[in-house]
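Good morning, and thank you for coming.

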Amino acid sequence: MKTIEEIELSLRKKFHKKIFSKFAKALNTYEMLKEGDKVAVCISGGKDSFLLAKCFQELKRHNKFPFEVIFLTMDPGYNEANRKKIEENAENLGIPLQIFDSEIYDTVFNIEQSPCYLCARMRRGHLYAKAKELGCNKIALGHHYDDVIETTMMGLLYGSQIQTMMPKLHSANFDGMELIRPFYLVREEDIMHWRDYNELTFLNCACRFTEACSSVKRQSDFDLNSTMGEIADTSKRAEVKKLIKAMKVINPYVDGNIFRSMENVNIDTVVAYKKDGVYHSFLDDYDR
């Protein structure tokens, strides 16, 4: 592993254009950060959230306007090795991490129906609550460009709906709190390149349901020659990731087209849509 100084220099030089510039562009384009904000950067232990923390540290060095940032990790019930890995990475990367405990894994462990969905909602709620307790008005998550297009496709293929992962959201349950996704324009392959270039290893999956994949091995590329049976054994997100990669062989612009499709919705050609929870049909004003 390289030194903190070398890692930070790589973000300013080698990865400035593909990572830090896109991070800054998303903050500006979607108006994610304002003067006086106090942001809790939520670190799960993976490559995305740790790199997001380093980008915020770099941004603070420029400090064009006053804002505060803290680095927050919730331990939902990690095993000892996984928690230790998170703590070691934080120390090695120079990130002053604040860790608090919860018992989410114990709560959802025996849930048969959609435990991952329940776990994700509970984790988000705990992070909002702790961040607000610490005086923050925003939490920042490490979701990236590829998460956005995969979520869009998952909604279409498995949810019978057209929706995407928004760059920022007001919390429905915590007044005055907002969620932001500053890596909205950053590609996952560039994050992986930063990780590998700096000889870093992070948690890939620390979920108790999938302990077998909780090692710190680097995520390998999906093999396009895998059988459909092998695809079915993976998560729906992994399946969609593989589908998009296969489509790019035919059309290298397909991922960008998926992303931009959510910016180019033509309501005049939509049969029905929802706005603020209210259903609207094209028939409502068809004869007007």
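The protein chain has an average pLDDT of 88, and 85% of the residues score at least 70; pLDDT is the predictor's confidence in each residue, on a scale from 0 to 100. Residues 212–233 fall below 50, although this stretch has 39 contacts in the model beyond near neighbours in sequence, a contact being heavy atoms within 4.5 Å. Where pLDDT is low, the predicted coordinates should not be read in detail.

This is a predicted model, in which local features need pLDDT of at least 70 and side-chain atom pairs count only at pLDDT 80 or more, while totals for chains, interfaces and linings use all residues. Residues are numbered from 1 along each chain as its sequence is written, and side-chain values use heavy atoms, with hydrogens and water left out.

Let us turn to the aromatic rings. The structure holds 12 aromatic pairs. Rings of Phe, Tyr and Trp (its six-membered ring) pair if their centres lie within 6.5 Å; planes under 30 degrees apart are stacked, over 60 edge-to-face, and the rest tilted. F15 and Y197 make an edge-to-face pair, with 5.6 Å between centres and 70 degrees between planes. F15 sits in the loop between helix 1 (4–12) and helix 2 (16–29), whereas Y197 belongs to helix 8 (residues 188–197), 182 residues apart. Helices (H or I, at least four residues) and strands (E, at least two) are DSSP runs, numbered from the N terminus.

Is F15 buried or exposed? F15 is buried, at a relative accessible area of 3%, while Y197 is partly exposed at 34% relative accessibility. Buried means under 20% relative accessible area, exposed over 50%, and partly exposed in between, using a 1.4 Å probe and protein chains only. K14 also lies over the face of F15, 5.9 Å from the ring centre; for this, NZ of Lys or CZ of Arg must be within 6 Å of the ring centre and within 35 degrees of the ring normal.

Another phenylalanine, F67, is found in the loop between helix 3 (47–62) and strand 2 (68–75). F67 counts as buried, at 6% relative accessibility. Leaving aside neighbours within four places in sequence, its contacts include L33, D37 and F56. F67 and D37 are 30 residues apart in sequence, yet 5.0 Å apart in space, C-alpha to C-alpha.

D37 brings us to the charged side chains. The count comes to 21 salt bridges, each being a side-chain nitrogen of Lys or Arg within 4 Å of a carboxyl oxygen of Asp or Glu. Which residue meets D37 in a salt bridge? The partner is K138, at 2.7 Å, N to O. D37 lies in the loop between helix 2 and strand 1 (38–42) and K138 in strand 4 (residues 138–140), so the pair ties together parts 101 residues apart in sequence. Both D37 and K138 are buried.

R61 forms a salt bridge with E58, their closest N and O atoms being 3.1 Å apart. Both lie in helix 3, 3 residues apart, about one turn of the helix. R61 is partly exposed at 45% relative accessibility, but E58 is buried at 6%.

R83 is in helix 4 (residues 80–92) and D101 in strand 3 (residues 97–101), 18 residues apart. Thank you for your attention.
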